[in-house]
Amino acid sequence: MMQEAPLHRVHHQANARGPPRPAWRSSHQAHPNRAATPAGPRQDPEVPVPGGPVSQESLFVPGFTPLPAVRMNPRSDKKQICQVADSQFDGETFALTSKLLRLNPEYYTVWNARRRCLTSGSSSRPSPGSWPSTALPNSSASATRTTSSVASSPSSSTGTPRGPEPPTAGRSGTTHDSQEDLEALLRDELLFTVPLLMKYPKCYWLWNYRLWTLGQAVEKLPVAHARAVWQEELGLVGKMLHKDRRNFHAWGYRRHVVATLESPALEGHSLVEAEFEYTTKMINMDLSNFSAWHNRSQLIPRLLKERSADDAARKKFLEAELTQIRNALNVGPEDQSLWFYHQYLMLNLVEQPERLAIAPGLTQKEREAYVLQEIEDIKELLEDYTNIKWIYEALVDYTVAVIRITPREWESQELQDITTWLQELKTLDPSRGGRWKDLEADLGIGSSS
């Protein structure tokens with residue numbers, strides 16, 4: 001369940017999968033009691049890892065399927081551990097990291113050893129070709145390839161991995177003596193992780209390693225070449241989200257890639273319009289996409305600012321968003337993600353937070369009229385859906401919100417409606433029975449139940 005929080009803290013929840021609960025809710029609202037943890041000691045699974053079986057308590061997570069256990073050759077394991085302990089970051093160690101990571105990419109220590117291999121190559125490989133005798137350079141040399149040649153090179157998102165072979169040396173046979181060799185080295189690393197990402201799309205260490213590799217491109221390649229690499233990365237994230245539209249790892253990673261492409265380091269420009277259109281595309285493919293709705297809510301303030309939208313344009317934009325979410329609710333009123341985004345829009349009518357305001361120029365009467373219209377539209381849903389708690393909850397929230405916009409006494413019909421809706425909520429959501437009773441008490445509504 002998503003953590004409920006006051007609406008004025010919505011901008012602090014960057015990783016939320018949808019806008020939080022509105023602040024006009026009662027302060028007594030809380031999550032239902034969770035099931036108690038069974039008594040007795042926890043039996044943690046033992047996963048074979050280099051050095052012997054280790055209890056992995058972090059893998060004991062409901063609904064989480066651990067990666068397959070890896071059975072290694074004890075002699076090979078001991079050899080690798082000794083090599084890393086002795087700082088032998090050579091071609092042989094690099095090849096061993098490739099082997100281990102293909103078996104299980106959760107070994108973050110192996111990823112660190114792989115980084116050390118790339119930045120401190122010191123000996124020759126036993127196989128054809130030589131291992132770089134120097135670390136990755138600290139600054140970019142002059143580029144030897146044109147932008148067009150970069151564009152025609154294999155994409156990190158579509159190419160075939162070159163296998164676990166360590167990167168070859170530069171033209172001199174000993175060092176990275178050209179920018180072309182360095183770029184090929186970084187692309188090889190990106191290609192190496194692609195099949196692993198497809199198999200383990202929610203492995204943190206894979207995403208972290210790709211970001212490190214891409215960071216090396218920004219530091220060590222000419223701007224045009226580095227930008228091409230990052231642009232291809234945006235294409236890879238698009239493919240990941242096509243495979244799993246609600247992968248929050250990929251959505252967060254996409255935001256990071258876009259921010260880098262917009263940054264001065266890559267001589268970037270704003271991509272907010274394109275990203276806003278992307279959220280529209282993803283929402284049309286799957287209305288129940290928490291991450292897409294959340295991303296949309298984060299883009300809107302910046303989008304309107306960059307458009308230099310006046311009050312009329314902002315009002316028109318708000319109406320378009322309300323129409324879109326209203327149509328979505330008519331299709332799937334049981335979908336929690338839709339109600340969260342609807343609450344985000346209502347926030348802009350009820351509380352008008354400065355940073356998130358969509359239409360700050362609305363008068364008090366206009367704001368009240370919008371909320372009342374939404375209440376009437378939601379009431380119409382009850383004609384076809386009488387057993388969906390989100391409808392009754394929204395009606396209670398927004399009716400209370402009207403009183404906040406224009407402070408006044410309750411009308412008798414409003415109190416009668418809220419009493420009826422709260423009774424329905426007690427029936428449909430009995431696990432939160434205490435919450436509904438507390439709300440009745442806060443609103444001064446008597447109840448004998």
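Predicted model: local features only at pLDDT ≥ 70, side-chain atom pairs only at ≥ 80, totals over all residues.
**Helix packing, ring pairs and salt bridges**

Reader: What span does helix H6 reach from its first C-alpha to its last?
Author: Helix H6 covers residues 204-220, which is 17 residues. At 1.5 Å a residue, 24 Å is expected. The model comes close to that, with 25 Å.

Reader: Is the pair of Phe290 and Phe340 stacked or edge-to-face?
Author: Phe290 is in helix H10 (residues 290-306) and Phe340 in helix H12 (residues 336-350), 50 residues apart. Both residues are buried. The ring centres are 6.1 Å apart and the planes stand at 80 degrees; an angle over 60 counts as edge-to-face, so the pair of Phe290 and Phe340 is edge-to-face.

Reader: How many residues apart in sequence are the parts that Trp293 and Tyr341 tie together?
Author: Trp293 and Tyr341 form a tilted pair, 4.6 Å centre to centre with 35 degrees between the planes. Trp293 and Tyr341 are both buried. Trp293 belongs to helix H10 and Tyr341 to helix H12, so the parts tied together are separated in sequence by 48 residues.

Reader: Which helices does the salt bridge between Arg187 and Glu232 tie together?
Author: The side chains of Arg187 and Glu232 meet at 2.6 Å, N to O. Arg187 is buried at 6% relative accessible area, and Glu232 is buried at 13%. The two residues are 45 apart in sequence, so the bridge ties together helix H5 and helix H7.

Reader: How far apart are the closest N and O atoms of Arg187 and Glu183?
Author: Both residues lie in helix H5, four residues apart, about one turn of the helix. Arg187 and Glu183 are both buried. Their salt bridge has its closest N and O atoms at 3.1 Å.

Reader: Is Arg302 buried or partly exposed?
Author: Arg302 forms a salt bridge with Glu262, at 2.8 Å between the closest N and O atoms. Arg302 lies in helix H10 and Glu262 in helix H8, so parts 40 residues apart are tied together. Glu262 is buried at 17%. Arg302 has a relative accessible area of 32%, which makes it partly exposed.

Notes
Residues numbered from 1 in each chain as written. Heavy atoms only, no water. Phe/Tyr/Trp six-rings, centres within 6.5 Å; stacked < 30°, edge-to-face > 60°. Buried < 20%, exposed > 50% of the residue type's maximum accessible area, 1.4 Å probe, protein only. Expected span 1.5 Å × (residues − 1). Salt bridge = Lys/Arg side-chain N within 4 Å of Asp/Glu carboxyl O.
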